[in-house]
Amino acid sequence: PELHPCLRDENHTEGSKMDQAMIGWQPTRKRNTILKKSIEKLRSSLDCCHLSKQCCCSNLRSLFPFTKILNGYSGLYDLPCDIIAGLTVGIMHIPQGMAYALLAQLPPVYGLYTSFFPVLVYFLFGTSKHISVVINDIRTGHNITHSIGDEGMLTTTAPHNENLTSLTQMLRNQHMSQLDSIKVGYAMAVTFAVGVLQVFLGAMRLGFLTTFLSDPLISGFTTGAAVHVFSSQVKSAFGVTVQQYSGPFKLIFSYRDFFTNIKNTNIVTMSATLVAVLVLIAIREGINSNKTYKARMKGIPVPGELMVIIVGTILSRHFALHKEFGVAVIGHIPKGFPAVSFTFVKYLPDVIGESFAICFTAFATSFAISKILADKHNYIVDPNQELIAHGASNVLGCMFSSFCSAASLSRSVVQNDVGGKTQFVSLISSALVVVVLLALGPLFQDLPNSILAAIIIVSLKGLLMQFTELKRLWTVSKVDYTVWLVTFVATVFLDVDLGLLIGLIYNIVPILLRTQQPYCCLLGRLPNTDVFVDSKVHLEAVPVPGIKIFKFEAPLYFANMDNFKAALIRETGINPHSLKQLKAQMKDSDMTLRHREVCMATSDTWPNEPCESHEQERPLGSRPFPANCESFAIIIDGSSIQYVDSVTVRVLKEIVLEYAEVDIDVYLGECKAPVRVMLDKSGFYRQVPRRNVCATIGHAVRVAQKSALLSRETLSSTYTMEPEDFIKDGEFVKLDLETSAESIDRIATGPNI
């Protein structure tokens, strides 16, 4: 592809540097400072090196990806598809938005606000064409509930009671109004904190951090959160009063209270919940999941949730279920839009911990949905821009009483199946929500809470069915199986925050353990090739005589260097400390033999004083020698070493010097350019020759063989004394020695090794 006009020169320069590295470029000491390189990378990531008009326009298009939708948008082909998809998704927004607001124990109208404002903001900043951004599904609703407060703060509004005096009822209504304002403040504070964190991560290009949330971790966490959500709706489904708990083991205490008060179940509420659940399951499984119906209706689903809400509202108003039977209803729904408010700022210090959990889990699931749909339709989503889009939706949305938003899997799939082409679908669905906010909202004030609870319970099916993942994970990976199970159990019994933290730690620990005890092996050469492979796997591979080629299948850093040294000694069978001791023993043995010869020579002179100190001395020839004492070089395969720190450089230097003391050279093969730069900066070459760091394994083998041959030639080099070279009249001996240059030339022209 053509280079960006603002970066053409810089990219050309970087390409030249890479070309130099590929042909064996060696780093010099004159390099750019770390600060300068950081600035260059920042400029490259921002695509803004010069303040040209073209560059600014390109940056604006990157910041507002919706402008790309206008290029090639067909009003004849794309617009009708977007209108149909927008109306379908908008119909789903209304009941589910109200239901998820109830899940967060907020007035249902806040769910409608969240189905409008964040959707518009994502339309401006988002890069995905097919996701439906609404309330942050079920997980965030539960986390906000936990953030709002404890016990009395979360008490649900009791139904109207005729026996209460007017003054008591007025005071109660005033108290509940204050509680609602506090709950809304906490919810908006969580939303603002999540949005700021997401915008910060996106601006710093840290979208890759979500990769630490693996699929088993997210699956186990969301399944555990679904159990919490189901438990929170049981009281609304049965009309039973349950005290609100928080912290570890709160589910156990909640179910204890539920079964204690189950005798007070409201029969009408329970019946309404049961009927609504059965109707929703019948529509979802019997009609919407039917392939014949989906093909006939072009993927447009039957709006079962909306039908249940309309019928439930009509029956509740007709039979006066709230007054006659004490069925809890959602109550007053105001018309219009809320005023901009910043009163939530005072609650921010109390919700920082919750915001981290929501931020990462919400974005991880949203980006996963975006990537799946983008791959299906052959376009690219930018994780950093997606972070900014979701963060901006939350920051701006919370000012208009909208709480946390993210992508919904169910509505995104519906939007895709119905035929939505672009994010214009969001504009259509938002317009439908506006109609409800401005005109139709008060019509739903007699809707029973149990109907919304039924919608939430049925929506949990997809999350609860993730239990089936355990069978597959057990077959594929026992580690992933335990990650899922540990995260789920911790989330259910220790609450959502601790569950995510424990799952994240448990997910990272196996990764660290794999780098501590990775697979190690010796490499051998395939016959008649310059290819080096694992000798344990490829039995036809032949070891290079006198050279041990060691491979450590993990990156090197300060935490695993001790294991690296131990594995090197274990696999090669060459311990430099043992060889040092053997060398010292050989030296002592030579002195002992000389001493013994002297003793034997003087035994005739002093026969009455024999030397008994060597009678128990074992001859040198009977002492054990290491099996690999014939090796003269060790080559470390550096293909898995992407980066080295100061500790790694120090340990590598120690290894090279320790083996050098026992006449064994250590080489680094497949050494990458960043590693060579770090070695140079750390002073590695002050004590280690540069020839010990090679570009490939084959190069290292040839260098080691020629170095060994040069050493043997040097040791075996002698001089020949001609008759005229003998000492004459006090003259010194004239020695005819080869120069090192002549020796190297002769070796190079000699037979190949």
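Q: Which helix is Phe493 in?
A: Phe493 sits in helix α23. Bear in mind that this is a predicted model.

Q: And is Phe493 buried, exposed or partly exposed?
A: Phe493 counts as partly exposed, because its relative accessibility is 38%.

Q: Which residues make up the nonpolar surface patch there?
A: Phe249, Ile252, Phe253, Leu485, Val489 and Phe493 make the patch, and its area is about 490 Å². Two elements, α11 (250–260) and α23 (478–494), each give two or more residues to the nonpolar patch.

Q: Which element gives the largest share of the nonpolar patch?
A: That would be α23, with three residues.

Q: Let's zoom out. How many helices and strands does the chain have?
A: There are 30 helices and seven strands in the chain.

Q: And what share of the residues is buried?
A: Of the 753 residues in the chain, 45% are buried. The accessible surface comes to about 39600 Å², and carbon and sulfur atoms account for 63% of that surface.

Q: What about contacts between residues at least 6 apart in sequence: what share join residues at least 24 apart?
A: For those contacts, the share is 80%.

Q: How about His318 and Asp446, how far apart are they in sequence and in space?
A: His318 and Asp446 are 128 residues apart in sequence, and the C-alpha to C-alpha distance is 9.6 Å. His318 is part of helix α14 (residues 304–319). With a relative accessible area of 61%, His318 is exposed.

Q: Now the inside. Which residues touch the most other members in the largest nonpolar core?
A: Met98 and Leu452 do, in a core of 67 residues. Helix α9 (residues 166–203) gives the most to this core, namely 10 residues.

Q: Changing topic to charges: how many salt bridges does the structure hold?
A: It holds 14 salt bridges. One of the pairs is Glu305 with Arg284, where the closest N and O atoms are 3.4 Å apart. This pair links distant parts of the chain, with Glu305 in helix α14 and Arg284 in helix α12 (residues 267–288), 21 residues apart.

Q: What about Glu553, which side chain does it meet in a salt bridge?
A: Glu553 meets Lys551, at 3.4 Å from N to O. Lys551 is buried, with a relative accessible area of 19%, while Glu553 counts as partly exposed at 37%.

Q: Which residues are linked in a network of salt bridges?
A: Arg525, Asp530 and Arg702 are linked that way.

Q: One last one: where is Lys653?
A: Lys653 is in helix α27 (residues 646–660). Lys653 is buried yet has no salt bridge, and Glu654, the nearest side chain of opposite charge, is 8.5 Å away.

Q: Then which residue does Glu654 form a salt bridge with?
A: Glu654 forms a salt bridge with Arg650, and the closest N and O atoms are 2.9 Å apart. Glu654 and Arg650 are separated by about one helical turn, because they are four residues apart in helix α27. Glu654 counts as partly exposed at 30% relative accessibility, and Arg650 counts as partly exposed at 42%.

Q: And what does Lys653 touch?
A: Not counting residues up to four places away in sequence, Lys653 touches Ser682, Gly683, Phe684, Gln687 and Val688.

Terms used:
Residues numbered from 1 in each chain as written. Predicted model: local features only at pLDDT ≥ 70, side-chain atom pairs only at ≥ 80, totals over all residues. Heavy atoms only, no water. Patch = residues over 30% accessible without salt bridge, like charges linked within 9 Å, V, L, I, M, F, W, Y side chains within 5 Å. Areas by Shrake-Rupley, 256 points an atom, 1.4 Å probe, with all protein chains shown as cover. Salt bridge = Lys/Arg side-chain N within 4 Å of Asp/Glu carboxyl O. Buried < 20%, exposed > 50% of the residue type's maximum accessible area, 1.4 Å probe, protein only. Lys, Arg positive; Asp, Glu negative; His and termini not counted. Contact = heavy atoms within 4.5 Å. Core = buried A, V, L, I, M, F, W, Y, C linked by side-chain atoms within 4.5 Å.
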